[in-house]
Amino acid sequence: MAAKKSSSSGGIKGFLTRAGSSFYAGGLYAREKGVWLAQKAGRIGFIIATTSIVTLMPLIFEITREGQMIETEKQQVKDFRSQGYSDRQLQEIGFCEASIRRAPSVAMAK
């Protein structure tokens with residue numbers, strides 16, 4: 001029987017030749033999977049970003065509007081207090097608790 005001769009040489013030279021081609025094939029595979037992963041991550045990122053915009057922006061606008069309303073009510077409460085209304089009367093008129101509250105006396109500057 002004739003011994004089959006391998007086309008690649010043995011030793012260090014053969015090892016480096018086989019390793020180089022193996023690294024090249026691995027690089028091609030990694031690039032292919034990297035592109036696929038980047039596309040999936042882009043799609044998922046787009047979905048998360050648009051969903052966040054659609055759900056969070058109205059919430060931010062509502063919080064801003066609520067803050068403006070409380071500031072307006074605080075101004076009205078200040079005007080009513082200057083006319084002599086008490087906190088109980090202001091609550092009966094319908095002002096929210098946040099606009100009626102006063103800072104504690106220890107927190108006020110003298």
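1. Both Glu92 and Arg88 are exposed, a class given to residues with over 50% relative accessible area, while buried means under 20% and partly exposed lies in between (1.4 Å probe, protein chains only). The two residues belong to helix H2 (residues 87-93), where they stand 4 residues apart, about one turn of the helix. Glu92 and Arg88 form a salt bridge whose closest N and O atoms are 3.6 Å apart; the term is used here for a side-chain nitrogen of Lys or Arg within 4 Å of a carboxyl oxygen of Asp or Glu.

2. On the basis of the note: this is a predicted model, in which local features need pLDDT of at least 70 and side-chain atom pairs count only at pLDDT 80 or more, whereas totals for chains, interfaces and linings use all residues. Residues are numbered from 1 along each chain as its sequence is written, and side-chain values use heavy atoms, with hydrogens and water left out.

3. On confidence, the protein chain averages a pLDDT of 84, and 85% of the residues score at least 70; pLDDT is the predictor's confidence in each residue, on a scale from 0 to 100.

4. As for the fold, the protein chain has 3 helices and 0 strands, and its elements run α-α-α from the N terminus on. These elements are DSSP runs numbered from the N terminus, with helices (H or I) of at least four residues and strands (E) of at least two.

5. Of the 110 residues of the protein chain, 8% count as buried. The chain exposes about 9,700 Å², of which carbon and sulfur atoms supply 63%, the areas coming from the Shrake-Rupley method with a 1.4 Å probe, and for residues only the protein chains shown count as cover.

6. A search of the whole structure finds 3 salt bridges. Glu62 is partly exposed at 37% relative accessible area, whereas Arg65 counts as exposed at 52%. Asp87 pairs with Arg81 in another salt bridge, with the closest N and O atoms 2.7 Å apart, and Asp87 counts as partly exposed at 33% relative accessibility.

7. A nonpolar surface patch of about 670 Å² is made by Ile53, Leu56, Met57, Leu59, Ile60, Phe61 and Ile63. Patches are built from residues with over 30% relative accessible area and no salt bridge, joining like charges within 9 Å and nonpolar side chains (Val, Leu, Ile, Met, Phe, Trp, Tyr) within 5 Å. Ile53, one of the patch residues, is found in helix H1 and is exposed, with a relative accessible area of 53%.

8. Two serines deserve a separate look. Ser99, in helix H3, is buried at a relative accessible area of 2%, and its side chain makes a polar contact with the side chain of Glu73 at 3.0 Å. A polar contact is a pair of N or O atoms within 3.5 Å; within protein, one must be able to donate a hydrogen and the other to accept it, and residues adjacent in sequence count only if both atoms are side-chain atoms. Leaving aside neighbours within four places in sequence, Ser99 is in contact with Ile70, Glu73, Lys74 and Val77, contact meaning heavy atoms within 4.5 Å. Ser82, placed in helix H1, is exposed at 61% relative accessible area, and the side chain of Ser82 reaches the backbone oxygen of Asp79 at 2.5 Å.
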